[in-house]
Amino acid sequence: MRLARRQALAGLGALALARPAWARSGPDLALYEAIRDEGLKRGQAMTYAAGLVDGVGSRLMGSPGMRRAYDWSLARLRELGLSDPRLEPIGPFGLSWRQIRAWARTTAPDGAPFVVQAAPWSVATNGVIEGDVIALPLATDEDLQRAQGKLAGKVVLLGPPPAPGADGRAVVRYTDEEVIRGDAAEAVRAYYRTVAERRVRQGREGLFKARRNAFLAAEGALAAVVSGGAHPGVMTVDGGELGGRPWLATERPAFPVLYLSGEGYARCWRQSQAGAVRLQMEIVTEEGDPAEPGYNVVAEIPGTDPRLKAQVVLAGAHLDSWAAGAGAADNGAGVAATLEAVRILRALNFTPRRTIRIVLYGGEEQGLYGSEAYARQRLGHIPRSTAPEQLALPVEGRRAKAGPLRKGLEYEDFSAAFNLDGGSGRIRGVFTGGNPVLAALYRDWIAPLKDLGVLAVYDGPHWPADQSTFTEIGLPGISFLQDPLDYDSRAHHTNLDTLERLSPGDLAQAATVLAIFLANSANAAERAPRQGLTG
Ligand SMILES: [Zn+2]
């Protein structure tokens, strides 16, 4: 990606001279008005969101909830009259798992109950279990050596509690100045500047966690407990603390793993330093196929121009979520806005010249599995390293390449992929992934959207997500700067990611802006311009 940016900047001067015809003609303002009218006055985004978030619930990849979400999505796409709604396989995923029940309480020194959640894919406890809590540093191999012989039959707290989070603003909206200055884009650039060194460290940590898990199992630990994080009153539950790929039966910890709310965990830690704490707990789960298949949900509004209909404009969001909460901001909001954008276009009887394809990705949270499979099957792919230290990395880190791009059949006809995965906040800016020609074009497209708060186009990449899959193979992968609202303080991978996290007005704006981008892309005179292949 960094190479892509260099190439992009090097090409800027020459490309700015040759502005494509579609950029000169300017956007179709009557169409803008019609889309805004439908999306902002008769919007249905919250109806879609409630159907998915409350009606279906959490959608851990491979779980029964995810299977219900496939059915729900297919039904909505059929209702919208899209062409050929279908599930496209993305390969066997891993263990089909869901939590039926989990609880924990101390039996000494007092009887405190806790907010808990089984770690995703945790083994069950097979009845109520109880043991002394042990709180030791377990961050290095030396720590493990020192812990030898002390863990048998114990409930092991996995490391000291994180320092309490700073009392920042719970709900964040960017000011116009922040959007125009690109403060958020600068944070993304800072991330990419340090990504290489961070990946090395995270790879090491991932491998260590696998060793630690094997050690705990060998020592006969009764169970492990993980902190739900530093945000007050919020429990963050994802795969990060476990290391490896816990959805594979061969890689998950052999003992039950329970997340405790941050405060509950910190209390147990303090109490165990002061004296004896006993924890009683139960995890009841349902397990199915150890190689449950994964899918993307796909459907089209077919293009109508015989010359252009083979070209595809993609609108995507990820359907899967983590298990705690109900996957509202991450990413029920993106799914709802994508469906709503399509509904708006259908309500206006919009006839695209190019084909608009909807893809609701599976397996984003475990490593962009859905978009990677889509690209591999249709567009092309760069083989990835499967070295253990790569697989030990968190989602966004598993990107080491092991070969050149192999182009797929649809590579040349591909236009652009739009990805909405930033919560329910309104759209404030557009990231073109390092494509200054596209950025110049999009600046024309957003000019009539100032009053909706859409104020900036950034040439660089956004946080890694499904759009990255496309930019990495040299295709336009577009994502949006959205007002964060309480995404970072309450929603991201937490037990509080429920319908309350969604803002109806913001979601209607996001769907409306997306619909405008889809309509413009589908009917522009030329296919979206590309940059050279990204390093
Ligand atoms: Zn997401």
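**Strand 9 and the chain around it**

Q: Which residue in strand 9 is the bridge partner of Pro92?
A: In this predicted model, Pro92 is bridged to Pro293 of strand 9.

Q: What makes strand 1 and strand 9 a pair?
A: Two strands pair if DSSP finds at least two bridges between them. Strand 1 (residues 83-94) and strand 9 have 8 bridges, in the antiparallel sense, so they count as a pair.

Q: What makes strand 9 and strand 11 a pair?
A: The cut-off is at least two bridges. In strand 11, Val359 stands opposite Val298.

Q: Why is strand 9 called mostly covered?
A: A residue is buried when its relative accessible area is under 20%. In strand 9 (residues 292-301), 8 of the 10 residues are buried, so the strand is described as mostly covered.

Q: How many helices and strands does the protein chain have?
A: The protein chain has 17 helices and 17 strands.

Q: Why is the protein chain called as compact as a globular protein of its length?
A: The globule rule gives 24 Å for 535 residues. The radius of gyration of the protein chain is 24 Å, close to that value, so the chain is as compact as a globular protein of that length.

Q: What share of the residues of the protein chain count as buried?
A: Of the 535 residues, 58% count as buried, with under 20% relative accessible area as the cut-off.

Notes:
Residues numbered from 1 in each chain as written. Predicted model: local features only at pLDDT ≥ 70, side-chain atom pairs only at ≥ 80, totals over all residues. Heavy atoms only, no water. Helix = DSSP H or I, 4+ residues; strand = E, 2+ residues; numbered from the N terminus. Rg over C-alpha atoms; globule rule 2.2 N^0.38 Å. Buried < 20%, exposed > 50% of the residue type's maximum accessible area, 1.4 Å probe, protein only.
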